[in-house]
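User: I would like to learn how to read a sheet from its strand pairings. Please take me through one case.

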Amino acid sequence: MPLWYSYMRLDDGGPIKGEAFRHFLDICWPYTDYITLSEGMFEDAPDVEFPYVLKDLLAPWFSGRIVADEWFGYGPGSTKMRIYRYQAADRVKELLLSYYQDIFLRLTCSGIAPEDCLFENLCLFSDGRLFFGSVSHERECGLCPLSNEMYQAVVAVGEWDVCPWRGESSRLSMDDYPWE
């Protein structure tokens with residue numbers, strides 16, 4: 001059973017941001033084959049997709065989409081969201097770093113319009129299995145380190161605590177979902 005670590009910041013006093021966010025992604029990226037990003041859906045207009053710049057920039061690495069009400073941090077019956085899957089190319093990491101300032105995908109201060117990058121909930125997958133997931137609005141994320149080296153490097157970046165409520169079922173498998 002994997003040991004999960006959680007990182008929560010309900011205030012602005014210390015999220016993994018700026019260079020620490022880059023360092024976190026640098027640690028995780030060699031293990032990452034896919035990422036997912038999500039967007040909420042309008043209940044009264046479920047077919048409306050948000051057209052924004054970042055989605056267009058990530059298009060070359062697009063690898064599927066699902067609509068779900070259950071995902072990392074969201075239980076069955078939660079609000080439906082679109083979850084987009086992208087290959088974890090180096091350019092994808094650089095785009096994330098240019099648009100978002102922290103691990104919870106808050107926008108950078110570089111004048112980027114919110115409507116240009118409305119993604120939330122970054123998740124990282126290795127061999128098709130989730131090892132890092134975030135819930136942007138709640139400023140909560142969890143990590144299941146894939147090696148002792150990853151663990152040692154990541155705990156130096158932020159204040160992680162053992163997460164007793166996450167187990168193997170938190171390690172979502174991409175094969176369990178009907179990617180379009």
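User: In which sense do strand β2 and strand β5 pair, and over how many bridges?

Analyst: Some ground rules come before the answer. This is a predicted model, in which local features need pLDDT of at least 70, side-chain atom pairs count only at pLDDT 80 or more, and totals for chains, interfaces and linings use all residues. Residues are numbered from 1 along each chain as its sequence is written, and side-chain values use heavy atoms, with hydrogens and water left out.

Now the general idea. Strands of a sheet pair through backbone hydrogen bonds, either parallel or antiparallel. Strands are DSSP runs of E with at least two residues, helices are runs of H or I with at least four, and both are numbered from the N terminus. Two strands count as paired if DSSP finds at least two bridges between them.

Here, β2 (residues 34-40) and β5 (residues 120-126) pair in the antiparallel sense over four bridges. Tyr-34 stands opposite Phe-125 in β5.

User: What is the order of the strands in the sheet?

Analyst: The order is β3-β4-β2-β5-β6-β7-β1-β8. The sheet is open, has eight strands and shows antiparallel pairing. Its edge strands are β3 (62-68) and β8, each pairing on one side only.

User: How does that order compare with the sequence?

Analyst: Along the sequence, the chain reads β-α-β-α-β-β-α-β-β-β-α-β. That pattern holds four helices and eight strands.

User: Which strands pair with β1?

Analyst: Strand β7 (residues 140-143) pairs with β1 (residues 5-8) in the antiparallel sense over four bridges. Strand β8 (residues 161-162) also pairs with β1 in the antiparallel sense, over two bridges. Follow Tyr-5 to see both pairings. Tyr-5 stands opposite Leu-143 in β7, and its bridge partner in β8 is Val-162.

User: Is Ser-6 buried or exposed?

Analyst: Start with the cut-offs. Buried means under 20% relative accessible area, exposed over 50%, and partly exposed in between, with a 1.4 Å probe and protein chains only. Ser-6 lies in strand β1. Ser-6 counts as buried because its relative accessibility is 7%.

User: Which residues does Ser-6 contact, leaving aside neighbours within four places in sequence?

Analyst: Contact means heavy atoms within 4.5 Å. The partners of Ser-6 beyond those neighbours include Cys-141 and Gly-142, and also Asp-161, Cys-163 and Trp-165.

User: What do the chain totals say?

Analyst: Of the 180 residues, 52% are buried. Among contacts with a separation of 6 or more, 72% come from residues 24 or more positions apart.
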